[in-house]
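Visitor: I'm new to reading structures. Could you walk me through a metal site and then a strand?
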Amino acid sequence: MSTKDWIEKDYYATLGVQKSASSDEIKKSYRKRARESHPDHNPGDSGAEERFKDVSEAYAVLGDEAKRREYDEMRSLFGSGQFRRNARGPGGPGGQPFDVSDLFGGAAGGGDRRFGGAGFQDLFSSIFSGGGGAGGPARARGPAKGRDIETEVALDFGDAVRGVTLPLTLRAPGICDTCAGSGAKPGTSPVTCQVCHGAGVTTRNQGSFSFSEPCRNCQGVGTVVEEKCPECHGTGGVTKTRTLNVRFPAGVADGQRIRLNGRGEPGERGGPAGDLYVHVKVRPDELFGRTGDDLTLTVPITFPEAVLGTDLRVPTLDGTVTLRVPPGTPSGRVLRARGKGVVRRDGKAGDLLVTLDVVVPAGVSDEARAALEAFAEQTPPAAREHLDARVRRFS
Ligand SMILES: [Zn+2]
Ligand SMILES: [Zn+2]
């Protein structure tokens, strides 16, 4: 059995068990498969003999807690590129010349799926080029920033325009109060790990390679909790329901994201907390629309109002404003009420943009019809000469 075997062979698949299988499940599955493929039960079947060998080999590793752990680690370490060449260089302890293609057989360039599609060649060039990217040696786990949390809030249109402070209830991991996050039972404290002496990292030689890996005993922390906190079972964290008062500034827009520094998950081992991101949804208003800092409103007017002009009293978000419609105003004209839009943080405000929509009545009284006909007599034809020329071409 070699490094190559371990990296190339999926013993879990050979035994037909999940990677998370218990040792009992592994034993059971092994017995069943060994029985089925036993040469005594399959005389003259060379395939069965091969299967029996494979099953035995797989069980020799997975059936042994220590070997299984090593096998898992070898495969996960190799998969993530987290290993480096031994300082002694090519030629391991046995004095054999180091040969990549020998170690990995014909698989070079094949792009094994188990390694995320990266060919062995790529993997090696990145490992041997000095460990850029994923190829670096494992490091002790120092303080780590907590994870960011994202949440979503729906605001009323007016609240978004004016700004609002709302209580936000979050269920998210927080620091255990009982042990203040240390994970140790109150009155005790974590002790230095005896295996790595606090470094958080151990080094192990494997053929031509040495593996730097997070210490198994302390999971890379460097300290070990001997008596676990009863509240958080040694993790230092608990799920908490928190209520935060979040201030949404005036003019916050639909789709905007607000970041609250340090309001995310607590950091690990003394690291800073993550951030809280609040995604803002703004419920549409039944009257007003919004374009940037301007509010928009559509107001229907009659034809006589457009022709003769009028004063219009229209609502703003917080009151009313009177707008002058000058005589001869076309449909679609936009009137501007300055400063009646979104008031920004710097005190400047957008405008209220009022679009006039001349409505045409579906029917009119006899008197109105007579008046309109008289009006039509007095009305010069619409300016359509430029269209008429084109129309004549087809007649
Ligand atoms: Zn340790
Ligand atoms: Zn605790």
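Guide: Donors are N, O and S atoms within 2.8 Å of the metal (3.2 Å for Na, K and Ca), and since water is not among the atoms, sites may look incomplete. Four donors count as tetrahedral if all angles lie between 85 and 135 degrees. This is a predicted model, where local features need pLDDT of at least 70 and side-chain atom pairs count only at pLDDT 80 or more. Residues are numbered from 1 along each chain as its sequence is written, and ligands from 1 in the order in which they are written.

Visitor: Which residues coordinate the zinc ion (ligand 2)?

Guide: The SG atoms of Cys 176, Cys 179, Cys 229 and Cys 232 do, at 2.2 to 2.3 Å. As a general idea, ideal angles for four tetrahedral donors are 109.5 degrees. Here the four donor atoms make angles of 105 to 114°, and the site is tetrahedral.

Visitor: How are the donor residues spaced in sequence?

Guide: The pattern is C-x2-C-x49-C-x2-C. Cys 176 sits in the loop between β3 (164-175) and β4 (191-192), and Cys 229 in the loop between β7 (223-224) and β8 (237-248), so the pair ties together parts 53 residues apart in sequence. Strands here are DSSP runs (E, at least two residues), numbered from the N terminus.

Visitor: Is strand β10 buried or exposed?

Guide: Buried means under 20% relative accessible area (1.4 Å probe, protein chains only). Five of the seven residues of β10 (residues 276-282) are buried, so this strand is largely enclosed by the rest of the structure.

Visitor: What pairs with β10?

Guide: Two strands pair if DSSP finds at least two bridges between them. Strand β2 (residues 149-155) runs parallel to β10, with seven bridges, while β9 (residues 257-260) pairs with β10 in the antiparallel sense over four bridges. Val 278 in β10 is the bridge partner of Thr 151 and also of Ile 258.

Terms used:
Side-chain values use heavy atoms; hydrogens and water are left out. Four donors count as tetrahedral if all angles lie between 85 and 135 degrees; four count as square planar and six as octahedral if opposite donors are over 155 degrees apart and all others between 65 and 115; anything else is irregular. Buried means under 20% relative accessible area, exposed over 50%, partly exposed in between (1.4 Å probe, protein chains only).
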